[in-house]
Each structure stands twice: as structure tokens, then as C-alpha cells.
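Student: I have a model open and want to get my bearings. Can we go through it together?
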Amino acid sequence: MKKEDKAQIIDSLVELLQTYPNFYVVETCGLNAEKTSELRRACAKADVKLVVVKNTLLHKALERLEGDFSEIYPALAGPTSLMCTQVANAPAKLIKDFVKKDDVLPALKAAYVEETVYFGADQLDTLATIKSKNELIADVVALLQSPAKNVVSALQSGANKLHGILETLSQKEA
């Protein structure tokens, strides 16, 4: 491969990694063509970008980015695919479902999620349970709304009781 081609690929990887705040480094070399296509379709449905990369080019792209990615470098050995996403736990759930269904690869090597590095396949369960920023915000909003909903509900039920009592009294007088 020419030096210009490598530079162009590194530039595209840098752009990709800047676009997506979370990425997973995965091994997919044991998949046949049918399983690879199935994985790509699943990634497309989950809004996960799947790219096969050369380790040295990914290493150089990571060096260009802000931040310390040195913990990921040991995972850059053997055949490597990169799963990029906006939703932190989407690739982990996808990998778990894929492995559960057929007990085959992809195998997680490392992940950079919410500015934290996770190393090794044993981290898959942890990654799958991580809540995204939007999910955490929704949880906080739900917790804040709960007391207000209880007060409104109590007021409405009191008003309904009062209305029922007044209606009963008005029917007795008639």
C-alpha cells in the first residue's frame, strides 16, 4: 500500500473516531461470509458503524486524537474490526446477542466508552449495562417528576371525592 493511501485511511479513521464518541475494538476473523453479513445488518439496525482496520493504521489514528489511548494499544493485535457508535452500550448488547445466538465471534478486545477504557472480553456484561447519557437524564427527570405527579394525583382524587359528596347531597335535598 502506498504512503498516500495509508495517510488517507488514517485521516478517515481520525474523522470517524472524532464523529463517534464511543468505539469497540473487536475480532471478527472467525466469521464466515454469511455471519459477517448478518453482523453488518445487525450493526446497521443498531446504528453502529462497523469497519475492518489495520492495527498500525488505527494505532496512528489514535495517536492523532486528543486523549490517552495507550491502554488500547495492546488490543491492536491480530485481525481487528472497529465498531463506532453514539450510544455507549449498543455494540455490547449487539455482541452479546450475536454470541448468544450462535456461540461464535465477534470477540471484544477493548472498548473506549464514556471516556473510559475497558479491556478484554470479560468486560462485555459491564459494557452492556452502561446507561447512555440520555438514559441517565431520562431517569433523573422521571425521579424529579414522580413527587409532582403524586401531588397532582392526590389533588385530583380529592376534587373527585368532593364533587361526589356535593352531588350526593344535592340529590338528597331534591
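Student: Start with S4 and S5. In which sense do they pair, and over how many bridges?

Tutor: This is a predicted model, to begin with. S4 and S5 pair in the antiparallel sense, over 4 bridges. Within that pairing, Val113 stands opposite Thr116 in S5.

Student: How many residues sit between the strands in the hairpin of S4 and S5?

Tutor: The hairpin has 2 residues between its strands. Look at Glu114 there: its phi is positive, near 50°. Most residues other than glycine have a negative phi.

Student: Is Asp47 buried or exposed?

Tutor: Asp47 counts as exposed, because its relative accessibility is 55% and the cut-off for exposed is over 50%.

Student: Back to the sheet. What is the strand order?

Tutor: The order is S2-S3-S1-S4-S5. It is an open sheet of 5 strands with antiparallel pairing.

Student: Which strands stand at the edges?

Tutor: Strand S2 (49–53) and strand S5 (116–119) do. Each has a single partner strand, so one side of each is left without a neighbour in the sheet.

Student: And how far are neighbouring strands turned against each other?

Tutor: By 20° on average, with direction ignored.

Student: What joins S1 to S4?

Tutor: 5 bridges join them. S1 covers residues 22–27, S4 covers residues 107–113, and the two run antiparallel. Val26 stands opposite Leu108 in S4.

Student: Now the rings. How many aromatic pairs does the structure hold?

Tutor: It holds 3. One of the pairs is Phe23 with Tyr112, and it is stacked. The ring centres are 5.5 Å apart, with 25° between the planes.

Student: Where in the chain do those two come from?

Tutor: From distant parts of it. Phe23 is in strand S1 and Tyr112 is in strand S4, 89 residues apart.

Student: Are Phe23 and Tyr112 buried or exposed?

Tutor: Both are buried.

Student: Which residues form the aromatic cluster?

Tutor: Phe23, Phe69 and Tyr112 form one cluster.

Student: Different spot. Where does Thr28 lie?

Tutor: Thr28 is in the loop between S1 and H2. Thr28 counts as buried, because its relative accessibility is 14% and the cut-off for buried is under 20%.

Student: Which side chain does Thr28 contact?

Tutor: That of Ser81. A polar contact of 2.8 Å joins the two side chains.

Student: Zoom out. How many helices and strands are in the chain?

Tutor: 6 helices and 5 strands. From the N terminus on, the elements run α-β-α-β-α-β-α-β-β-α-α.

Student: What share of the chain is buried?

Tutor: Of its 174 residues, 34% count as buried. The chain exposes about 11,000 Å², and carbon and sulfur atoms supply 55% of that.

Student: What about contacts across the sequence? How much do residues 24 or more positions apart account for?

Tutor: They account for 77% of the contacts in the chain with a separation of 6 or more. Phe23 and Tyr112 give you an aromatic pair to look at, 89 residues apart.

Note on methods: Residues numbered from 1 in each chain as written. Predicted model: local features only at pLDDT ≥ 70, side-chain atom pairs only at ≥ 80, totals over all residues. Heavy atoms only, no water. Pairing = 2+ DSSP bridges. Axes fitted to C-alpha atoms, helices over the stretch in contact; angles between N-to-C directions. Phe/Tyr/Trp six-rings, centres within 6.5 Å; stacked < 30°, edge-to-face > 60°. Buried < 20%, exposed > 50% of the residue type's maximum accessible area, 1.4 Å probe, protein only. Contact = heavy atoms within 4.5 Å. Areas by Shrake-Rupley, 256 points an atom, 1.4 Å probe, with all protein chains shown as cover. Polar contact = N/O pair within 3.5 Å; in protein donor to acceptor, adjacent residues only side chain to side chain.
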